[in-house]
Amino acid sequence: MSDAEQRLLEILRERSFKRAAPGESFTLVSGEKSEYFIDGKMTAVSPAGAELIGEVLYDRTRRLNVDAIGGLQVGAVPLVTSAVIAYARHGKPVEGFWVREATKDHGTRKQIEGGLKPGMRVAVVDDVFTKGGSTLKAALAAREFGCEVAVVLALVDRLRGARALFRENGIESFDRVFTIRQFGIDVPDDA
């Protein structure tokens, strides 16, 4: 684990990881109930967290020769911003983009915002993978737009089936910076 990853993990543990009170639970986007929740945005909007996220995403994707980095709105927006700043700081500018849940019904009527162009290699990022549905929406939208999905990448994988969902949809390149085990939750690997 790099120094930046170690420091990011500490901030995620402090700012983003929450356990439910006894007898209570959190409801996840998937509809599942969970005894814990990771609010990655709480880290992504902090000065130190934003800087570290950018560096970690840059380090995880820089060898993939991506032209753009993006994900599903709202969660991916701060991650994408941090990453494109880190890329620029390292002299390797890439485009940022984000995918709307639905095509806008006004203005330019776009589903994808940013400088994405058909033929680009893209990294699709998210703060947390559970089942992978949100990230899959963004990856499929980028692919439908004519881009090649070089990787799907999360800061934290809850190990609840995301990798299998991506494979079922023809996305083989999968990465995560951390798993939920690094937050003290003992779960089997979903392979």
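Helices here are DSSP runs of H or I with at least four residues, numbered from the N terminus. Helix 1 in that numbering covers residues 3–16, and Asp3 and Arg7 lie four residues apart in it, so about one helical turn separates them. The model is a predicted one. Its protein chain has an average pLDDT of 91, with 95% of the residues scoring at least 70. The notes below cover the open sheet, the helices against it, and the salt bridges.

**Confidence by element**

- Six strands make up an open sheet of mixed pairing, in the order 7-6-5-8-9-10.
- Strand 7 (112–114) and strand 10 (174–179) are the edge strands; each has a single partner strand, so one side of each lacks a neighbour in the sheet.
- From one strand to the next, the twist averages 25°.

**Strand 5 and its partners**
- Five of the five residues of strand 5 (residues 68–72) are buried, so the rest of the structure largely encloses this strand.
- Strand 5 runs parallel to strand 6 (residues 95–99), and five bridges join the two.
- Between strand 5 and strand 6 the chain passes through helix 4 (residues 76–89), in a right-handed β-α-β crossover.
- Strand 5 also pairs with strand 8 (residues 121–129), in the parallel sense and over three bridges.
- Ala68 has Glu95 as its bridge partner in strand 6 and stands opposite Val122 in strand 8.

**Helices on the sheet**
- Helix 4 lies across strand 5, strand 6, strand 8 and strand 9 (148–157), and runs at about 170° to strand 5.
- Helix 5 (residues 133–144) packs on the sheet and touches strand 5, strand 6, strand 7, strand 8 and strand 9. The direction of helix 5 makes about 170° with that of strand 8.

**Salt bridges**
- The structure contains 13 salt bridges.
- Asp3 and Arg7 form one with an N to O distance of 3.2 Å; Asp3 is exposed at 52% relative accessibility, while Arg7 is partly exposed at 40%.
- Arg62 and Asp59 meet at 3.0 Å, N to O. Arg62 is partly exposed at 27% relative accessibility, and Asp59 is partly exposed at 31%.
- In the salt bridge of Asp157 with Arg176, the closest N and O atoms are 2.6 Å apart. This pair links distant parts of the chain, strand 9 for Asp157 and strand 10 for Arg176, 19 residues apart.
- Asp157 is buried, with a relative accessible area of 0%, and Arg176 is buried at 16%.
- A network of salt bridges links Glu5, Arg60 and Asp175.

Notes:
Residues numbered from 1 in each chain as written. Predicted model: local features only at pLDDT ≥ 70, side-chain atom pairs only at ≥ 80, totals over all residues. Heavy atoms only, no water. Buried < 20%, exposed > 50% of the residue type's maximum accessible area, 1.4 Å probe, protein only. Pairing = 2+ DSSP bridges. Right-handed = clockwise from strand over helix to strand, strands pointing away. pLDDT = per-residue confidence, 0-100. Axes fitted to C-alpha atoms, helices over the stretch in contact; angles between N-to-C directions. Contact = heavy atoms within 4.5 Å. Salt bridge = Lys/Arg side-chain N within 4 Å of Asp/Glu carboxyl O.
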